[in-house]
Every structure is written in C-alpha cells, then in structure tokens.
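Work through the exercises below with the sequence and the coordinates at hand. Each task is followed by a solution in steps.

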Amino acid sequence: MSEKEVLLLTRNLTKEYELKNNFGIRKKQVVHAVSDVSLEIYKGETLSLVGESGCGKSTLGRMMMRLIEPTRGQILFEGKDITIYSEKQMRQIYKKIQLIFQDPYASLDPRMKVKDLIGEPLVTHKVYPTKEETERKVKELMHMVGIRPEFIDRYPHQFSGGQRQRIGIARALALKPKLIVCDEPVSALDVSIQSQILNLLKDLQKEFDLTYLFISHDLGVVHYISDRICVMFLGKVCEIGDTREIYQNPKHPYTRFLLDAVPNMDPEKKQKRENILAGEIPSAVNPPSGCRFCTRCPYAKEICRKEEPKLIEYEGRKAACHFPLGE
Amino acid sequence: MATFEQAASLAARLAVDSIKDQFSPEERLEAIKKAEEDELNYMPRPDTLREKLRSMCRENKVAAASAVVLAVMAFIIVFADKLTSYDPNMVNLMERLLPPSRAHWCGTDDLGRDIFTRILYGGRVSLLVGVIPTSISMMIGIVMGMVSGYIRQLDAVIMRLADIVLAFPSIVLAMVVMYTLGATTTNIFIALSMIGWAGTARIVRSQTLSLREQEFVEAARGMGVKKWTIMFRHILPNCLPSLIVLFTLNIPDAILSEANLSFLGVGTQPPDSSWGLMVSQARTYAVSSPWMLIFPSLAILIMVLALNFLGDGLRDVIDPHMKK
Amino acid sequence: MEERLLQIQDLHTTFFTREGNVHAVDGVDMEIGAGENVGIVGESGCGKSMTAMSVMGLVKKPGKVDGGKILFDGMSLTDMRPKERRKILGNQISMIFQEPMTSLNPVTTVGKQVKEALCLHNKGLSQKEARERVVRVFEMVGIPDAAKRYGEYPHQLSGGLRQRVMIAMAMVCNPKLMIADEPTTALDVTIEAQILHLMKQLQEEKGTAVMMITHNLGVVAQFCTRLYVMYAGKVMESGTVKEIFKNVCHPYTDGLMKSVPDMESKERLYNIRGMVPSMLHLPKGCRFCPRCQYSGPKCFEEEPKLYEVSPGHFVRCFLFEQQTAQEGEA
C-alpha cells in the first residue's frame with residue numbers, strides 16, 4: 001500500500017457557501033459543505049466516498065475537477081497544483097480526469113445524437129483530424145461499453161436508463177483518462193442493470209488501468225467496487241482506509257451505524273432496534289462544534305462537544321474519533 | 001448472494017431435476033439472439049427531419065393547413081402585380097367607399113382605391129416588417145440573453161440595459177429613432193429591431209439560467225468544452241422550442257408596431273400601403289364602410305393564426321422527446 | 001392467513017396509448033390478510049406501482065382498470081360508485097408515497113394537512129379535538145416537539161420528518177390497509193432504518209396490514225412476511241419471504257437476488273442479461289425467456305402458468321411444471 005503512486009492528492013480542501021444575508025438583517029450564514037479534507041487517491045485503485053445526503057461527497061468530487069471552485073486548500077494532480085491553473089490549462093487536465101453522472105437522463109444533451117455525444121470530447125480536443133476517424137472511434141467506444149454501433153444516429157431518449165449510462169461511460173472513456181470521478185453512477189438504475197454497469201466498470205478498470213473516485217451512498221455497491229473507502233459526515237472525513245478492514249471492524253461509531261442500517265438480505269437476521277441511529281442529519285449551516293457527529297452519537301462525552309477529533313492512524317485506516325470502537 | 005445459506009442454489013437444484021425438452025447452451029443463445037433481434041427491429045428508428053415534418057403534417061392537420069395558407073399568402077403577395085389589374089395607388093374619386101362587388105372584391109377606400117389590390121401590395125411591406133426586424137431583434141436578444149445568463153459578470157449590465165428598453169414605451173423609442181433617421185422602410189426595420197430584443201433576452205436568460213445548472217452542461221464543462229461552444233452547442237438548441245413560439249408571437253407585434261408608427265406618420269409613407277396602415281386609416285370609416293377595416297384586419301388575423309399554429313407544430317418537430 | 005382483507009383477482013390495468021395498448025398490470029392475483037405485511041418487488045415498469053394505483057382508484061388517463069375484481073373486506077371496490085369508494089380510500093385504505101416533498105402541499109402547515117385528512121372522514125370532530133388527535137399521532141410516529149411541528153410548513157422539515165408526517169397522515173384514521181409505494185427509496189440509509197422500524201412498530205400495535213412496494217430485496221427481507229415478485233405486469237413468484245429467500249425458484253427472482261452486491265464477498269456479480277422488454281412489444285411465450293439462462297424451446301412459444309411448488313409458494317416457470325405434476329401423481 002505504501003509504495004503506490006499517488007495520482008491525486010488534496011490538502012485541507014474546503015468549500016464554504018455564503019447564504020444571502022437578507023440586507024444584513026440576519027447574521028451572515030455559512031454552509032460548510034466540505035471542511036478540511038485531505039486525502040490521496042492512488043493510481044489504479046478505486047476510492048469510494050460514502051455518506052448520507054448533504055455530507056459533501058458530491059461537492060468534494062466535483063471540486064477535485066474544479067467544476068466547483070474550492071474556497072481553500074490545494075489539489076495536486078500528478079504532483080502539480082491544479083488549483084492555480086487557468087481555464088486554458090484546466091482544459092488540458094480535463095483530458096485526464098473525466099466525470100460520470102448519477103442521472104443518465106440529465107447528463108446527456110437531449111438534442112444531440114449518440115455520435116455527437118460520445119464524439120464531443122474527441123472533437124473538443126481535436127483528437128482526430130477527420131469526421132470519419134472520429135466516427136470510427138465512437139463506434140469502437142460504443143462496442144466497448146456494449147451498445148450496438150448501429151445506434152450511432154439515435155437520440156438519448158431512445159435508450160433505456162442502463163444504455164444511457166453506458167453512453168455516459170463511453171464518453172468518459174473517449175479521451176483515455178487516468179481518473180474517472182463516478183458520481184452515484186448506479187443509484188438511478190434497476191438492480192439487474194446496476195450489476196451489469198458495475199461489472200462493466202470493473203472490466204474497464206482492468207483493461208485501461210483506470211483509477212476511480214466512486215461516490216455512492218449504497219454500502220453494498222461500495223463494498224463490491226472499492227479498494228479503499230472514505231466515510232464522510234457533514235463535510236468531514238470520519239474514517240478512511242482499506243475497505244475490508246473498515247467493513248469488518250469499523251472504528252468510527254458513524255461507520256458502524258451506517259453498516260448496521262443497511263437492510264440485511266437474510267430474513268432470519270432481523271435488524272436490532274439498538275443498532276439504529278436515532279436523530280436527523282444536522283444542517284451544514286451551523287454544524288455542531290467539536291466532533292460534528294456528537295449530536296447523534298450515543299457514545300458522545302464532554303470532550304466530543306468541545307474538541308474536534310483528529311484523524312488517527314489505526315491498522316489499515318485512519319479514523320477521527322475520541323473514543324474509537326474496540327480500542 | 002452469500003449472506004446466508006440457501007437450502008441449495010437454484011442452479012444446483014435444477015441440475016438434479018431431470019428436465020426434458022431443454023436447450024443446449026448454444027441453442028438457447030440462438031433463441032435469445034432471435035428474440036433480441038425481434039425486439040430491436042421493433043424499436044423506433046431514428047427519424048430524419050423530413051420524416052418528422054411528414055409525420056407532423058399527418059398528425060397535426062392544423063399546422064399543415066397553416067403552412068399551406070402561409071405559402072399561398074406569400075405567393076399572392078409576391079406575384080401581386082400579376083394577380084390584379086388595378087394600380088394600388090391610383091385615386092379614383094368616382095368610385096370611393098364602394099362596398100365589395102365583383103369588380104372590387106373587397107370594396108374601395110375613401111380615395112376609390114381597390115382594397116384587395118392594396119392588401120396584396122401592402123402585404124409586401126407587412127411581411128418584411130414582420131419577419132426581418134423580428135429576426136434581427138431575436139438574434140440580438142438570443143446572444144444578449146445567453147451571455148447574461150451564462151457569464152454572470154455581464155448579467156447586471158445587460159439586464160439593466162434591457163430594463164431601460166423595456167421601461168420606455170416602445171412606440172416612443174421607435175418614434176425617436178424614426179425622427180432622427182428619417183421615415184424609410186429600412187429605418188422601420190432598425191427601429192423595430194432596437195425595441196424588440198429586450199423581451200427575447202429576458203426569456204433566453206431565464207432559460208439559460210436553468211439550463212446551465214443541468215448536468216449535461218456540467219458534463220460539457222468537465223470535458224473541457226469552451227464557454228461559447230457550450231452556449232451555442234448545448235444551450236441554444238435547448239431554447240429553440242420556446243424561441244419558435246416566441247418568434248410567431250413577435251411577428252404580429254412587429255406588424256402592429258409598424259401600423260402604429262405609420263398612423264403617427266413616421267412609418268410607411270402614403271400613398272404606399274401596409275396592412276397596419278390600412279387598418280389605422282380605416283378607423284374613421286369603421287361604421288359607414290366596415291369593409292375598409294374588415295379585410296386588412298382579416299389579412300393580419302389569418303397570417304398571425306397561421307404562424308402560431310405552424311409554430312406549435314414545428315416546436316413538436318424540433319423537440320426530440322416528442323411525447324405523444 | 002387468517003382473514004382476507006384485500007383480494008385482487010385477475011386484475012388488468014391497461015394504458016391506451018397512440019403506439020398501442022400497454023398492459024401495465026396483466027392478470028394479477030393477490031391476497032393480503034388482515035394485519036399482514038406483504039411486499040411487492042420488481043424493477044421499474046413491472047407494474048407494481050400500477051397495481052397499487054388500481055387499488056386506490058388513482059389510475060390516470062389514458063390508463064384504465066379494464067378487467068378483474070378488487071375485493072376489500074368483502075366489498076368490491078371495482079363495482080362501487082365513486083362516492084362510496086372515496087369513503088373507503090383514505091379512511092380504511094391509505095397510501096404513503098415515495099417522495100414526501102411533492103406529496104405534501106407546500107403552502108399549508110403539516111398539521112393542517114393531517115387534520116384535513118382526519119376531518120374528511122370524521123365529520124363530527126371539533127377543531128380542538130381534531131388538533132389534539134393530530135398531535136397525538138405526531139407523537140406516535142416519533143416527531144419531536146409534536147405541538148410545535150404542527151404549525152410548520154413542509155419545507156421546514158427534513159426528509160425523514162416529512163416521511164413521518166406522511167405516515168401520520170396515513171395512520172390518522174386508523175386504516176385497515178396501508179399501501180406504501182417505495183416509502184424509503186428517497187431517504188438515507190440511517191433514516192430508512194428509522195422509518196422501517198417505525199412502520200413495523202405501528203403495524204404491530206395497530207394491526208394494520210401493509211402492502212410494501214419496493215425494489216429493495218433487503219427491505220422485503222427485513223420488513224415483510226409474504227412477497228410477490230412481479231415482472232412486466234405479471235406475478236412471477238409468490239410465497240412467504242422465508243420460503244422464497246431460502247428456496248428461490250423463479251430464475252428471475254434468483255437473478256435479482258444474485259445481482260445485489262452484498263457486504264461480505266467480492267465475487268463477481270451475477271448479471272441478468274439484456275434489459276426489461278418494452279411493454280408495447282413483449283416477447284412471445286414467457287416474458288422473461290430472452291433474459292433467462294434456463295430457458296427451453298417451450299418458453300419461447302407458450303406462456304407458463306403459476307405452479308405451486310410447495311404450499312403457498314407459486315412460481316410462473318415451466319421448470320417447475322413437471323416437478324409439480326410428478327408430485328401430484330405421487
């Protein structure tokens with residue numbers, strides 16, 4: 001693990017939004033979407049960002065591509081700080097980082113044919129000099145993700161959800177990127193289609209030596225696809241490390257509750273009442289001081305409300321908790 | 001699925017059961033392929049634009065009829081001199097204010113001119129005034145709207161400019177232009193273009209604002225597509241349906257604005273005619289000789305209706321969803 | 001099964017579209033006993049929601065219930081006049097929708113909305129009594145500060161609280177049957193667990209029967225006692241949850257279960273090949289045959305019936321035709 005090459009690294013990455021302050025009548029409010037996230041993505045691995053809605057996982061993913069500008073912090077891609085890059089320089093980076101969206105309906109321009117959709121990155125970066133060559137490449141990509149190349153002249157609405165997601169994947173692959181940010185790529189799909197797409201992503205990763213940043217709230221999917229996971233809560237990293245270690249032996253109470261909340265497929269093993277996390281997700285506008293999880297945490301003590309826990313190294317992972325489980 | 005012990009997996013149980021009439025794997029694949037092929041052949045084929053237009057004509061009869069009406073109108077307006085023997089501007093005081101008859105299909109006006117002939121010739125001005133300034137003003141409006149919606153730094157400047165234009169009574173603004181530049185047809189185009197863009201800009205801006213948040217625009221940004229390319233490749237085509245409707249609504253507006261200008265004496269100059277001018281001139285005689293008012297109004301009405309229906313039909317053609 | 005509360009017999013719901021007739025629900029038989037917890041599972045477009053809508057009488061044009069019977073508590077809902085039917089809906093049968101934001105009116109306080117539902121079926125209730133009862137129901141569904149929340153608007157509540165309000169609205173008249181259409185799909189996992197627990201608890205306390213429509217097999221395993229698996233408008237397999245999860249018979253159900261990634265093994269996921277067929281153009285024979293890995297020539301020609309593999313466990317698949325026949329002989 002230690003010898004792996006770092007592809008992307010973030011240092012204290014933070015995103016804060018200011019809410020409009022109603023002509024100064026109310027106090028200025030700041031949404032802490034992502035706070036001080038430092039993590040690294042190694043070449044060839046799949047790192048998953050897990051968490052509930054509003055935990056900042058999508059914001060973090062987009063920030064790494066600078067589709068959302070970070071408020072503070074650095075992003076180092078292949079060792080270079082891309083936070084200071086100009087728009088023109090970023091365009092070159094976009095050849096190497098691509099994005100796959102959750103909603104295959106919204107992420108494809110409804111007025112473009114498949115040919116133009118998959119061809120768009122190729123045309124934008126002028127990869128091929130002629131139309132014919134671009135089209136040949138598009139057909140090759142379509143074949144690769146399992147869509148019949150005959151459908152090249154169709155519009156997205158003529159495809160089913162799973163096929164549209166395949167189009168999205170083909171488009172992301174067109175420029176032979178190094179890193180693909182997958183933002184909930186299977187959560188809008190049916191179970192039988194979901195497993196097809198997951199297997200496709202795995203096969204492509206092997207074939208093209210891709211690195212994935214996989215954003216999802218589905219813990220089953222995350223377990224299947226990822227090498228390492230990063231559990232987030234209210235814009236902060238709770239626990240990050242090896243998938244198997246974390247699933248078998250979570251250190252952070254939040255991770256434990258998340259895992260227990262997944263409905264078990266065995267009707268004999270009923271969920272226990274005491275394993276259900278009570279309370280609502282606090283708002284990111286005024287997050288609790290100290291540990292952000294302290295308002296929901298049944299183990300919270302005085303220190304949790306006052307002092308923010310740091311990420312501490314345990315076997316195979318880091319966790320941010322004053323009272324880690326099993327220690 | 002290995003979270004719990006199944007009594008025996010389905011595959012294992014089925015292998016034990018002796019099942020007759022089974023496929024070999026190859027045969028099954030063959031059968032599945034055939035069924036899939038069947039499904040594919042059923043799936044709707046992509047339509048070409050021509051096929052779409054044809055299906056519009058088949059399904060939307062009103063739109064098809066409107067297209068025919070507009071074509072006929074354009075035809076008779078262009079070939080006006082071949083279709084009527086009268087001179088549109090010839091005064092004949094002997095035959096003033098005659099009701100419709102075989103000689104004068106739509107009657108004559110207060111100076112004895114044949115109204116039918118004047119409608120045909122006036123149509124030339126009205127049609128041009130309807131189409132050209134509307135096109136120009138919409139082009140300006142589209143660019144202004146997209147820029148202010150997409151490039152947020154310019155938003156305030158452009159929108160305040162639009163507010164100024166919208167705050168003035170448009171006719172006053174047009175009059176100022178006409179007075180300064182002089183009353184010619186070209187200047188009518190300029191005047192009407194200058195007042196018309198603000199409304200379009202507002203509509204395009206609001207659409208751009210919602211479109212720029214759409215994921216496919218974000219996807220394009222994530223691919224490294226340039227701003228202007230995104231605007232013209234992704235945002236503009238998705239505004240088109242409402243723009244087409246807007247276009248058909250703006251044309252009658254322009255025709256009526258021209259009429260107003262003419263009425264105030266800064267538009268089309270007599271003895272030339274335009275539909276708007278004819279309507280406004282007929283006001284004095286509305287009760288005594290209603291045909292002077294009715295027939296030019298009818299011409300405007302037919303054209304406006306036909307344009308609206310056609311616009312609706314075309315919007316459905318352009319919209320790829322074509323929800324039926 | 002003690003008493004039969006809801007019986008659906010050979011229900012057909014068809015959408016008459018320009019491209020052709022879509023048989024969204026195509027001959028479905030279903031039974032729900034009093035106080036029972038029944039899951040309906042299937043992928044999008046399999047007709048599971050349409051079945052529920054047909055029971056509620058909410059099928060919108062161009063759709064229509066055009067065959068079959070729905071019996072509720074011995075009364076035929078399909079033959080009832082709309083006025084009488086409305087008395088039952090919301091009162092004895094209530095529904096919870098997937099999206100709690102869009103099913104609540106954004107300009108009225110949540111308390112008023114629940115009160116409205118209550119007063120509609122209890123005309124004699126005074127305003128004060130009604131309010132008190134609503135607050136009690138709010139407390140019952142675990143809304144903190146129930147009295148304060150009564151006067152709040154839907155947008156002031158979080159997704160989990162909104163879903164609790166929806167459940168309160170469904171429970172306020174003490175219905176005999178609650179239809180829940182994907183009640184937790186829009187919620188986060190920890191909130192989902194809370195809501196499912198709440199529903200189960202209420203169900204046990206009040207003896208309400210629940211028809212749970214979901215695509216999540218885990219939810220069914222945890223929550224339901226009996227299960228119907230639907231595919232392309234037909235019931236493919238039905239039986240008790242314990243029986244089906246232990247002894248799955250239909251290749252579709254089997255494939256569905258194997259397609260869900262679990263949290264223990266990282267083995268390559270099983271894929272059901274292909275995709276759900278267009279409802280306008282269903283394959284000949286068994287609807288699942290082009291995707292099935294066990295299909296035989298017969299499957300492409302004839303439609304299978306439901307065969308009973310063990311008491312109460314029905315499967316619509318030819319693989320089990322001979323088995324049941326043999327057992328019948330023996």
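Two strands count as paired if DSSP finds at least two bridges between them. The model used throughout is predicted.

**Exercise 1. Describe how β4(A) and β5(A) are joined, and find the other partner of β4(A).**

Step 1. Take β4(A) and strand β5 (residues 80-81) of chain A: two bridges join them, and they run antiparallel. That count meets the cut-off of at least two bridges.

Step 2. Locate a facing pair. L76(A) stands opposite D81(A) in β5(A).

Step 3. Inspect the connection. β4(A) and β5(A) form a hairpin with two residues between them, and E78(A) in the turn has a positive phi of about 50°.

Step 4. Turn to strand β1 (residues 6-19) of chain A. It pairs with β4 (residues 72-77) of chain A in the antiparallel sense, over five bridges. Here R11(A) stands opposite Q74(A) in β4(A).

**Exercise 2. Give the strand order of the open eight-stranded sheet in chain A and follow the strands around β10(A).**

Step 1. The order is β6-β7-β8-β3-β9-β10-β12-β11 (chain A), and the pairing is mixed. The edge strands, each pairing on one side only, are β6 (97-100) and β11 (312-314) of chain A. From one strand to the next the twist averages 20°.

Step 2. Helix α9 (residues 253-261) of chain A packs on this sheet and touches β9 and β10 of chain A. The direction of α9(A) makes about 100° with that of β9(A).

Step 3. On one side of β10(A), six bridges join it to strand β9 (residues 228-233) of chain A, and the two run antiparallel. M232(A) stands opposite V237(A) in β10(A). β9(A) and β10(A) also form a hairpin with two residues between them, where L234(A) in the turn has a positive phi of about 50°.

Step 4. β10(A) is also joined to strand β12 (residues 317-319) of chain A, by three bridges and in antiparallel fashion. The bridge partner of G241(A) in β12(A) is R317(A).

Step 5. β12(A) is in turn joined to β11(A) by three bridges, again antiparallel. E313(A) has K318(A) in β12(A) as its bridge partner.

Step 6. In strand β10 (residues 236-242) of chain A, six of the seven residues are buried, so the strand is largely enclosed by the rest of the structure.

**Exercise 3. Determine whether helix α7(B) is enclosed or in the open, and check its span.**

Step 1. Helix α7 (residues 152-167) of chain B has 16 residues. From its first C-alpha to its last it reaches 23 Å, close to the 22 Å expected at 1.5 Å a residue.

Step 2. Of these 16 residues, the number buried is one, so α7(B) lies largely in the open.

**Exercise 4. Describe the eight-stranded sheet of chain C and the helix α1(C) that packs on it.**

Step 1. This open sheet has the order β6-β7-β8-β3-β9-β10-β12-β11 (chain C), with mixed pairing. Its edge strands are β6 (93-96) and β11 (307-310) of chain C. Neighbouring strands are turned by 20° against each other on average, direction ignored.

Step 2. Helix α1 (residues 48-56) of chain C touches β3 (37-41), β6, β7, β8 and β9 (226-231) of chain C. Its direction makes about 145° with that of β7(C).

Step 3. Strands β7 (residues 177-181) and β8 (residues 209-214) of chain C pair in the parallel sense over five bridges. The bridge partner of A180(C) in β8(C) is M212(C).

**Exercise 5. Characterise the contacts that chain A makes with chain C and with chain B.**

Step 1. The contact of chain C with chain A takes 36 residues from each chain. On the side of chain C, α6 (159-171), α7 (189-206), α8 (217-223), α9 (241-246) and α10 (251-259) each supply at least two residues. α7(C) has the largest share, six residues.

Step 2. Sort that side of chain C by class: 16 nonpolar, 13 polar and seven charged residues.

Step 3. In the other contact, 28 residues of chain A meet 21 residues of chain B. β6 and α3 (114-124) of chain A give two or more residues to the side of chain A, and α3(A) gives the most, with three.

Step 4. By class, this side of chain A has eleven nonpolar, seven polar and ten charged residues.

Notes
Residues are numbered from 1 along each chain as its sequence is written. Chains are lettered from A and ligands numbered from 1 in the order in which they are written. This is a predicted model: local features need pLDDT of at least 70, side-chain atom pairs count only at pLDDT 80 or more; totals for chains, interfaces and linings use all residues. Helices (H or I, at least four residues) and strands (E, at least two) are DSSP runs, numbered from the N terminus. Axes are lines fitted to C-alpha atoms, for helices over the stretch in contact, and angles run from 0 to 180 degrees between N-to-C directions. Two residues are in contact if their C-beta atoms, placed from the backbone, lie within 7 Å. A residue is buried if 20 or more other C-beta atoms lie within 10 Å of its own, exposed if 12 or fewer, and partly exposed in between; C-beta atoms are placed from the backbone. Ala, Val, Leu, Ile, Met, Phe, Trp, Tyr, Cys and Pro count as nonpolar, Asp, Glu, Lys and Arg as charged, and the others, Gly among them, as polar. The expected span of a helix is 1.5 Å times one less than its number of residues.
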